[in-house]
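Dear colleague,

Please find below the structure that I am handing over to you.

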Amino acid sequence: MLTTVHRAAALLATACIASFWIATLGVELAGSADAVARVKHAIVMPGLLLLIPAIAATGASGFALARARGGALVAAKKRRMPWIAANGLLVLVPCALLLDRWAAASLLDARFVAVQAVELVAGAVNLALMALNLRDGRRLVRQRADANAVS
Ligand code: HEM
């Protein structure tokens, strides 16, 4: 049950960051100012409304699952999680709020581009850390299945 919650929250959080990233890059490269404003707003609402609880649920369920497990894979996942959460809450959320406000006011200037670049880099870093945690999560589930098969 807890694994199911963890897996669903983790996949939702990863899908949110990936879709924000792809939609942002796509609209910046090919969209009108109006389309940029619509995407920037959708990232805040409903985007952040999904992402923030999904990251919190992933961390809480992950740490709860880890109470019964040890080893290098769990330690690596634990080490990455504070970076994922801090990057999400302290960089991605403020960037998304600022970019939404500026795009709504058609302020697509150099300051917008600089914050947009920071958001894209932070999003890529989070996606990479989340992909590593997904990979290690799959390995942990396989390890548990193998151990159950032997005993
Ligand atoms: C954004 C961060 C994270 C992502 C994307 C993630 C992803 C996943 C996924 C997808 C699974 C299930 C794999 C499968 O069903 O094949 C999993 C399992 C697991 N995760 Fe995470 N995880 C994250 C954070 C954490 C954290 C912080 C911990 C705590 C150390 C953790 C501990 C575990 C454990 C122990 C399992 C194995 C559960 C079992 O054997 O039933 N995860 N993770």
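A crossing of helices is called left-handed if the near helix is turned anticlockwise from the far one by less than a right angle, and right-handed if clockwise. Helices are DSSP runs of H or I with at least four residues, strands are runs of E with at least two, and both are numbered from the N terminus. This is a predicted model, in which local features need pLDDT of at least 70 and side-chain atom pairs count only at pLDDT 80 or more, while totals for chains, interfaces and linings use all residues. Residues are numbered from 1 along each chain as its sequence is written.

The protein chain has four helices and zero strands, in the order α-α-α-α. Its C-alpha atoms fill a box of roughly 65 × 20 × 20 Å along the principal axes.

In the model, α1 (residues 2–30) passes α2 (residues 33–66) in a left-handed crossing. The contact between α1 and α2 comprises 21 nonpolar residues, seven polar and one charged (Ala, Val, Leu, Ile, Met, Phe, Trp, Tyr, Cys and Pro count as nonpolar, Asp, Glu, Lys and Arg as charged, and the others, Gly among them, as polar).

The ligand is surrounded by 26 residues, the closest being A10, G62, M81, N133 and G137; a residue is counted if its C-beta atom, placed from the backbone, lies within 6 Å of the ligand. Helices α1, α2, α3 (72–104) and α4 (110–150) each supply at least two residues of this shell, and the largest share, eight residues, comes from α4. The shell divides into 12 nonpolar, eight polar and six charged residues.

With kind regards

Conventions
Axes fitted to C-alpha atoms, helices over the stretch in contact; angles between N-to-C directions.
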